Amino acid sequence: MEVLMSVIFLTVIVCILAIWFVAIYNKFQEYVIRINEAEADIDSTLRKRFDLLNKSIEVIKAVTEEEQVLEIITNLRSQKLNNFELDRQIYEGINEFNGYKENNEKLKKNEGFIKIDIALNETEAEMVADRKYYNDIITDYNKMVKSIPSNIIAKVCKFKCKNYFDGKNMTENGKADIKI
């Protein structure tokens with residue numbers, strides 16, 4: 001009878017641990033899915049911004065009669081970059097685009113250029129929202145990777161802390177660290 005009680009007790013403990021493991025593992029999987037969704041949103045917005053800047057090249061060339069326009073964007077056509085790097089390059093392209101806008105009165109009056117400028121401003125709002133959503137999910141995910149007892153499952157399943165979209169990273173002591 002005593003052996004039977006010990007076996008039942010051990011079985012109950014093993015079942016509780018298994019249920020706990022599965023629950024935490026599923027929570028990690030939920031975050032992974034949400035992170036992938038957020039990355040897809042960011043990718044979509046970055047593609048819109050790239051396409052808008054790409055369209056602006058011909059408009060700027062036609063109005064200013066310059067040969068080399070938005071070289072950063074032209075060079076991006078042949079490169080494979082992750083979203084972090086692409087975002088930085090697109091911002092450089094937007095800064096160059098804004099420089100043309102400020103320094104050329106003809107462009108300020110060109111209907112095609114104005115439409116592209118308005119669309120770029122709209123995508124900026126989307127990008128801010130996409131970044132915030134992504135970083136919020138990453139914060140929750142990284143907390144699970146670092147905190148007890150979920151960090152046990154993270155180590156077993158090899159879940160690692162992820163970088164924030166704005167260049168922040170979690171250090172070993174859990175504090176935010178800005179990478180340059």
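Predicted model: local features only at pLDDT ≥ 70, side-chain atom pairs only at ≥ 80, totals over all residues.
Trainee: What makes Cys157 and Cys161 partly exposed?

Mentor: Under 20% relative accessible area is buried, over 50% is exposed, and partly exposed is in between (1.4 Å probe, protein chains only). Cys157 has 25% and Cys161 has 24%, so both land in the partly exposed class.

Trainee: And why is Arg131 called buried?

Mentor: Its relative accessible area is 14%, which falls under the cut-off, so Arg131 counts as buried. Arg131 is found in helix H5; helices here are DSSP runs (H or I, at least four residues; strands are E, at least two), numbered from the N terminus.

Trainee: Which residues touch Arg131, leaving aside neighbours within four places in sequence?

Mentor: Asp87, Tyr91 and Phe165 are in contact with Arg131, contact being heavy atoms within 4.5 Å.

Trainee: How do you know that H1 and H6 are roughly perpendicular?

Mentor: Helix H1 (residues 2–64) and helix H6 (residues 150–157) pack at about 75°, with axes 10 Å apart. The axes are lines fitted to C-alpha atoms, for helices over the stretch in contact, and angles run from 0 to 180 degrees between N-to-C directions. Under 35 degrees is roughly parallel, over 145 roughly antiparallel, 65 to 115 roughly perpendicular, and the rest oblique. The pair therefore goes down as roughly perpendicular.

Trainee: Which residues meet there, and how do they split by class?

Mentor: From H1 you get Trp20, Phe21, Ile24, Tyr25 and Phe28, facing Ser150, Ile153, Ala154, Val156 and Cys157 of H6. That's nine nonpolar, one polar and no charged residues. Nonpolar covers Ala, Val, Leu, Ile, Met, Phe, Trp, Tyr, Cys and Pro; charged covers Asp, Glu, Lys and Arg; the others, Gly among them, are polar.

Trainee: What makes H5 roughly perpendicular to H6?

Mentor: H5 and H6 pack at about 90°, with axes 6 Å apart, so the roughly perpendicular label applies to H5 and H6. Met144, Val145 and Lys146 of H5 make the contact with Ser150, Asn151 and Ala154 of H6. Those residues divide into three nonpolar, two polar and one charged.

Trainee: How do you know that the buried residues of H6 are on the same side?

Mentor: Those buried residues are Ser150, Asn151, Ile153 and Ala154. They cover an arc of only 155° around the axis, which is why they belong to the same side of H6; the arc is that of the directions from the helix axis to the C-beta atoms. Their cover includes H1 and helix H5 (111–146), while Lys155 and Val156 are exposed on the other side of H6.

Trainee: Last one: why is Gln79 called partly exposed?

Mentor: At 42% relative accessible area, Gln79 is in the middle class, hence partly exposed. Gln79 lies in the loop between helix H2 (71–76) and helix H3 (83–103).

Key. Residues numbered from 1 in each chain as written. Heavy atoms only, no water.
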